Amino acid sequence: MGSIFSLQQILNGLQLGSIYALIALGYTMVYGIVRLINFAHGDFFMIGAYAAYGSFYMFNALVAGRSGTLAFLVLLAAMIGGAGIAYLTNKFAYKPLRYKPKLSSLITAIGVSMFIEYFFSALPAIGPSYRSFPDIIVRKEIRLGNAVISNLVIIDLAVAATLMVGLTLLVRKTTLGKAMRAVSQDKDAARLMGIDIEKVISFTFIVGGAFAGAAGLLAGMTYPRIFPYMGILPGLKAFIAAVLGGIGNIPGAMLGAYIMGIAETFASAYNSLIGEGIAFAILILVLLIRPRGLLGEKTADKI
Amino acid sequence: MTPLLKIEHLTHFFGGLRAVYDFNFEIPEGSIYGLIGPNGSGKTTIFNLITGIYVPTEGAINFQGENIKGMKSFRIVHKGIARTFQNLRIFGNLSAIDNIRIARHYTTTSGLFASILRLPSFKSEERAVKREALELLDLMHLSNRAMETAKNLPYGELRRLEIARALATKPKLILLDEPAAGMNPKEVDDLMRLISRIRNEFKVTVFLIEHHMQVIMGICEWIKVIDFGETIAEGLPDKVKNDPRVLEAYLGKRGT
Amino acid sequence: MNVRKLPRFLIAVVLFYIIVEILYKTEILNGYLLHIINLSLIYVILATSLNLINGITGQFSLGHMGFAAVGAYVSGALTTLILKLSVSNPASMLPFILSIIAGGVVAAFVGFLIGFPSLRLKGDYLAIVTLGFGEIIRTVFNNIDAVGGPRGLLGIPKFSNFTVILVAAFLTVVIIRNLIESSHGRAMLSIRENELAAELVGINATRYKVMAFTFGAFFAGIAGGLLAHLIQLAHPTQFGFIKSVEVLIMIYAGGVGSLTGSILAAFGLTFLSEGLRLGIRVLADTTGLPIGGEWRMVVYALLLIFIMLFRNEGLMGMRESRIIKNVEVD
């Protein structure tokens, strides 16, 4: 199977990093635009996985056999699921508190996260136990030098890369993307320019949620057990990745996520306890040594 | 005689932005000095540098002959410098008297043990602090507000409360950041009288930032004018008022 | 009689003690209800100590149960060890009291260590770091086999009883109240109100933030120890993030900054929690529907969201009942 630093492990790390990247982007975009740590974001990821699960069985009947189309539809369902819950959460839980002290929003986010997790867990149809994720794509093994990897690695990387490229184009080239950047930098100025702040915020949540949903699908395919609390740890780790890269910074989130994925994979290969703890260790190191993260900017508060 | 506050070659950058450049000033004990300049010229930054909120990029700040550059804010307060803020920073959910009492805290000696066990030493110290706080509120005509929650007080009284709180730290030098902001002419008159009392009765040297010409001309003994972080004039109020560079800074270049 | 000079809180607590004892001895109150009262009192200690950190000093800590874990494990292991070595009379409460205090002291030390580096961070970041540290503590205990690892520390002798717990809760509230109503307490409040202004009137904010953390951790450790000796068990799952959030919900429901509120909420929510647990079981049994215990947590979560959206000051806001609040020293 190779040593810790083998090609195999690097590829596994990149695969894990891809999933973290899709989740981390949502955290970072939302923080960038409303300065809120959306505790519930990991749960959007979980809902994406369940949306994919449910839609698979629904579509399978209709599109029997056509694996590619089916996979695409399932991805769409996952992204819509994630986007939908993100939109609703923002509209009903965060928007009313937009101009209240930030702490209130943070606590509400904790409450929303708790609610989603336990609600899903309490629903008899879903229940607290694990479910097996179906094989949406036929698994194949691919040889790359010394490494033997599943085709899922390629798929995870490819899907993540495509979405990330799409996001970069959105943010850099479109008017909406420009509006998002404007609102991130200076809400009041953006409002004076005629930008509808709430619409931009809503859109940001939708994109972030969609990405988290997509990550849910990828995670379901790659680590094929889903359960209502599956969003907690990946959510936390993806958040730490976003902080590592510089919270609020989109390339930072991508960078942080891949570093996190690789670090965690190497650490787990060495010792599973260290693998569990590496994320927390990274968090504490970052916050104590360089809180703005790798690519984050120093913010100066006017006094 | 050593000036109370001596600032030499004070320069401060925020990243690439130069906020203050080669600022020099000496404030003698017992004086009332002023700092004026257009908005954004760096006045509050200078106050922030003196009180330890920022560490200056370059330059020296000496208070009573001692170097205070780089000292933490609370230590600078212990040394004897107090300030008020342009945008009030009152402890809103606490009572007016609590706002004052907190400013006396650093002089108290009751330890945690004595406080928690309510020892007699703690009780007598609490009584003394309360008495001093009420006296101060009385001097500022705020006695009837002592138990009111601070955030409920009207603006003018909040400004007085913040000045009272700064005085409660028993400073030798007080920095007032636009104390007359938002005041009507009568209130400005009262403020000017208060500032004189601060110097004469409380024996506190005053250094103030102001936009109100009435205040500057009325009570400042010496003024410094800055623009874009640099000194453009200094001297007696009447002289500075007519200095062409000062007029230009405020009104812009005349002519075509 | 000068009503203002009466020790109102002490009288109220003594009355409470007498009433409960009478009700219990006459069997109107059964063992189960007494157990719930004991749990409520332990939550009083947890809630008021968290309130000191979050509500009085304004530092958002999300890892409070980590300190309770330290107290539980340290004191649990100590009493177990002392009894195994048969050093003292098994009926004596002294080793128990000492080990509870030891648990509190170690927890305070951990709080101090964590507080120092963390308290440079603001709001959101502090919350995340404290969450992280809470989880690290839990993970550490989960992996120490000497104290049972994932199975937990079992067989802790049952030294906790209503009297001990009530006395501990009473002392906790009095100490925290006396701290708040002193110059030191006002210093902490000023940090909550406006940290910069506090520094500019001579308050060493870092010192007081660390102090609040250390005190808060101490009492949480005491609570953890009392709990461990009540249910005779210390288990990593009792001290996770969700448990910390439960305590957070209590202080927000009661009113952040109000000790009275924390006391009322600790009782209210502990009883509500039990009530929900029973109610759900009854409902599931009678209707035959598969209604799981998770619904209890759904209610909790909705309660938190509701409080934040509609009544963010909770029950008491920042006000204190006259029973607890000291009169102004004259």
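Helices (H or I, at least four residues) and strands (E, at least two) are DSSP runs, numbered from the N terminus. This is a predicted model, where local features need pLDDT of at least 70, side-chain atom pairs count only at pLDDT 80 or more, and totals for chains, interfaces and linings use all residues. Residues are numbered from 1 along each chain as its sequence is written, while chains are lettered from A and ligands numbered from 1 in the order in which they are written.

**View 1. Here is an open sheet of four strands in chain B.** The order is E2-E1-E4-E5, with antiparallel pairing (two strands pair if DSSP finds at least two bridges between them). Strands E2 (17-27) and E5 (66-67) of chain B sit at the edges with a single partner strand each, so one side of each has no neighbour in the sheet.

**View 2. Now look at how E1 and E4 of chain B pair up.** Residues 5-14 (E1) and 58-63 (E4) of chain B run antiparallel over five bridges. Across from B:Lys6 you'll find B:Asn62 in E4(B).

**View 3. B:Asp22 has a positive phi of about 50°, though it is not a glycine.** This residue is part of strand E2 of chain B. B:Asp22 counts as partly exposed because 13 other C-beta atoms lie within 10 Å (buried takes 20 or more, exposed 12 or fewer, partly exposed is in between, and C-beta atoms are placed from the backbone).

**View 4. B:Glu178 also isn't a glycine, and its phi is positive, about 50°.** Find B:Glu178 in the loop between strand E7 (173-177) and helix H7 (185-200) of chain B. B:Glu178 is buried, with 20 other C-beta atoms within 10 Å.
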